[in-house]
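Subject: Structure handover

Hello,

Here is the structure for your files. Please look it over first; my notes on it follow below.

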Amino acid sequence: MYQVVCNAPGGNGFKVETMSEQFATSEIDDCMAHVHSFYEIIWFQEGEGHHTVDFLEYEVRPGTIFFLSPGQIHHYDRKDGYKGVTIKMCTDLMKDNTAGNTGIGKMFLKYNAFHAYDSSPYYTIDETTAKMLLPLVDEMSEESLRYGEYGNIDILKSLLTIFMAKIERYGKHETVERLDTLRPSHQLFIQFRRMVEKEYTRLHTVQEYADRLNVAIRTLHKSVNECSGRTPLALINERIILEAKRMVRYTNMMIKEIAIDLGYDDPSYFVKLFKRHTGFLPSDFREMENVTDKYIQNSVSIQRTKGIQYKLNEQLRMNKMTKIAVPSREGMVDDHFGHCDHYTVFTIDENRQIVSSERLDSPQGCGCKSNIASTMQKMGITVMLAGNMGMGAYNKLSQHDISVLRGCRGKVEDVINAFLEGSLTDSAESCDHHDCQEPAYKPVF
């Protein structure tokens, strides 16, 4: 189906190579976008640059370890200047129901590293951890050559489990909260993540997943929010749209065929869903000259938004309540917060539900020169959902520990609900009004 496919290793389905060996023997151009039919771990040990995975560009430094799942599309920015190791595993070796791959612990390792599309696909490790992992790589490399010998597959699985467990234990990862195998809410989140990966083409609603997992919607919502800072529906839709982007960009399938493959009988509904989540019609997305360039800013915005959601969750966990302000005018988000009619202030409880709302009159003037930031801080406001603002106002709010998400449009009620569901992303838009520019301060998140 996909135009460029990198096939799985043969034999025992396990292969360890240095990057230089892979680049020299690969049947495809590794600097061209290609899809995997297997699992792969890529450990960058030397060199700096960028690695593109599923339309997002990630910075590479020594100690960066990527986890790629079957179906993911990636490419390197170059072949020279890098030293590292790649470990490839066929899908049969990684099946959930195979011997050595059962139990919640193994499921955590698999679905916290692979198939974790709601978080970044990489960990970073320090030199001490690298020295700890190198002997394991050597053992896996040696054992991978013993195909057919007694216990070969079992030993490879055990070595891989130890390797991944040490990365999980000592590595750093940009997640809302490090998952704990002993916490029921975290177990539920991993089960949900696993089910989304298996059922996203057939199940599209939170109710369907809650029923399959035999939990209440509220329980599932709380678990997913605690672990990811998002809502279940946001993760379901993101997985569907990710696959849609892959298929639109890298197959010759008709849009109607893609819609049907993803479980949508009505192609027009699918087109609207795609545009709502990407900003593009499927046909326009397919024709872009360089889709990665279009998504570099989006990647930065996504990471900034995750930081805002993480901070909100921490505040709710400690204080149980927090407040979110939206610049308003006649029920709509005002385009410029400093000149809005008033602010609608929502009180949010620990379950990310709206408890109440109140009106805060605007001082009517440049936001960076008024006392509105200090007033909001005293009220307990921690997040601002704005249409647009200058960097001076943005920095002033940041200095008062108020996170700002820009680019909000539409009805105030719709915007606050979208943010609480996790479907809003910071646009990084800045206003060019003359009274809104100040020397930039480092934002506080």
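Phe66 touches Glu40, Ile41, Ile42, Phe44, His51, Val53, Tyr58, Val60, Pro121 and Tyr122, leaving aside residues up to four places away in sequence; contact here means heavy atoms within 4.5 Å. The model is predicted, so to speak of local features pLDDT of at least 70 is needed and side-chain atom pairs count only at pLDDT 80 or more, while totals for chains, interfaces and linings use all residues. Residues are numbered from 1 along each chain as its sequence is written, and side-chain values use heavy atoms, with hydrogens and water left out.

Phe66 lies in strand E7 (residues 64–68). Helices (H or I, at least four residues) and strands (E, at least two) are DSSP runs, numbered from the N terminus. Phe66 counts as buried because its relative accessibility is 0%; buried means under 20% relative accessible area, exposed over 50% and partly exposed in between, with a 1.4 Å probe and protein chains only. Ser120 is 54 residues from Phe66 in sequence, and their C-alpha atoms are 9.0 Å apart.

On the chain as a whole: the protein chain has 15 helices and 16 strands. Of its 445 residues, 53% are buried. Among contacts between residues at least 6 apart in sequence, 68% join residues at least 24 apart.

Next, helix H10 (residues 267–278). Its 12 residues should span 16 Å at 1.5 Å a residue, and the end C-alpha atoms are 16 Å apart, which agrees; the expected span is 1.5 Å times one less than the number of residues. Phe270, Leu273, Phe274 and Thr278 are the buried residues of H10. They cover an arc of only 110° around the axis, so they sit on the same side of H10; the arc is that of the directions from the helix axis to the C-beta atoms. Lys272 and Arg276, on the other side of H10, are exposed. Gly279 follows H10 and has a positive phi, near 85°.

Helices H5 (residues 184–199) and H6 (residues 206–213) have axes that come within 11 Å and cross at roughly 120°. Axes are lines fitted to C-alpha atoms, for helices over the stretch in contact, and angles run from 0 to 180 degrees between N-to-C directions. The contact involves Leu188, Gln191, Phe192, Met195, Val196 and Glu199 of H5, and Tyr209, Arg212 and Leu213 of H6.

Last, the cysteines. The structure holds zero disulfides, a disulfide being a pair of cysteine sulfur atoms within 2.5 Å. Cys408 is buried at 1% relative accessible area, and Cys90 is buried at 16%.

Regards
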